[in-house]
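Have a look at the structure, then read on.

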Amino acid sequence: MAGGHDVVVAIPSYNCAHTINYVVYQAAKGLATYFPEARSLILVSDGGSTDGTREVVRAMRLPFKVDVAVEEYPGVKGKGSAIRYAFERALEEGARVVVMLDSDLRSVTPEWVKLLGEPYWGRYDLITPLYVRHKYDATITNHLAYPLTQALYGVDVRQPIGGDFGLSSSLIEELLKSPLWETEYVPRFGIDVFITNTALAKGYKVAQAELGVKVHEPKDPAAHLESMFREVAGSQFSVAVEMAASWLRVRGVRETEVLKAGRVWRGAQPVEVCPELSLKKAKSSLKELRSKAVSVIGEDFYREVLRSLESLPRGEGVKDELWAEVVYSHLLAFRSGEKKLVLSSLHACWLAKVATYLYEVADLSDEEAERVIKREAKAFLLKKKYLVDNW
């Protein structure tokens, strides 16, 4: 592999031999089509795959003038560690931009590379994805990462944990200096919200890329979502504590530019849910964690969340304003309290909000459900004074 590359596509991987070749091929085609004069590298940052992922990449013969490397990263196993290694390697290569792509994508096209690679031209520092999503998809985004990001930093970034990003070298240098890599959240699934929230807090120029639908390998929510939630919430809260000076005076919200795509997939990938099971799990979690939740947010908040939840399915459930105050109460506690306890309590309360949402949007279209999510985000803006006054 020749040294020195202008554009690096970073693909974090672990046991994805059946999907990695498609992602690498589409990335290579995008680099050859839209960055023909650039020296380009596709770097697969692997976490010790045992299914032949690395061998598949090494065996590929691409009809494009693009370098491909697969390397095993050191340290804690997780997406964040893979990305950190790719960032460090990209700076060693002298890259002007890094495009991040998930390794299990089925809907990625060469145009994704074009749009996410925009920082190459110097106009932006971060490109975040803007996907078409089913109303039941992305519950961590919709009920935590999105509304909290918008309220804290005053910027409407709809998918701050989307996974596929484009970053300038200057932003990467800033991210690598952060002490938050030493937390237990950023090296894992907390990486995406760490990137977006840090960029917004530091005032880097951000835009969104219209990528259409994101089709990827399905994950079992019961097996993956709880740990993912804790890592995302812990990362987002950690950035908020670290960057408090940047958001305490922020009021209102501004739009971000959307980079339009040409032809993309627009039919949202269906997500199956069971509101009844969601409600049952939320109730049991809240009751099991009663003492923890009360120690974090107090008896009054706890009782109001539980009472609201028990009003379902006929009642309104957990209202947006209450949810915003509950999140802010957990963030305040996270600042000085036992972080694992805070995140356990927040997860139980989040399940209550998700159950509320599932019942509310059951008969709504995806577009109508999006208005519910936007309404919830507005409540976070309206209740931000509660957070600021108590900080």
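Arg89 is buried, at a relative accessible area of 11%, where buried means under 20% relative accessible area, exposed over 50% and partly exposed in between (1.4 Å probe, protein chains only). This is a predicted model, so local features need pLDDT of at least 70 and side-chain atom pairs count only at pLDDT 80 or more, while totals for chains, interfaces and linings use all residues. Residues are numbered from 1 along each chain as its sequence is written, and side-chain values use heavy atoms, leaving out hydrogens and water.

- Arg89 pairs up with Glu93 in a salt bridge (3.3 Å, N to O), meaning a side-chain nitrogen of Lys or Arg within 4 Å of a carboxyl oxygen of Asp or Glu.
- Both sit in helix H3, four residues apart, or about one turn of the helix; helices (H or I, at least four residues) and strands (E, at least two) are DSSP runs, numbered from the N terminus.
- Glu93 is buried too, with a relative accessible area of 10%.

**Across the sequence**
- Arg158 and Glu370 form a salt bridge, their closest N and O atoms 2.8 Å apart.
- Arg158 is in the loop between helix H5 (139–153) and strand E6 (165–168) and Glu370 is in helix H14 (residues 366–382), so this pair ties together parts 212 residues apart in sequence.
- Arg158 is buried at 7% relative accessibility, whereas Glu370 is partly exposed at 27%.
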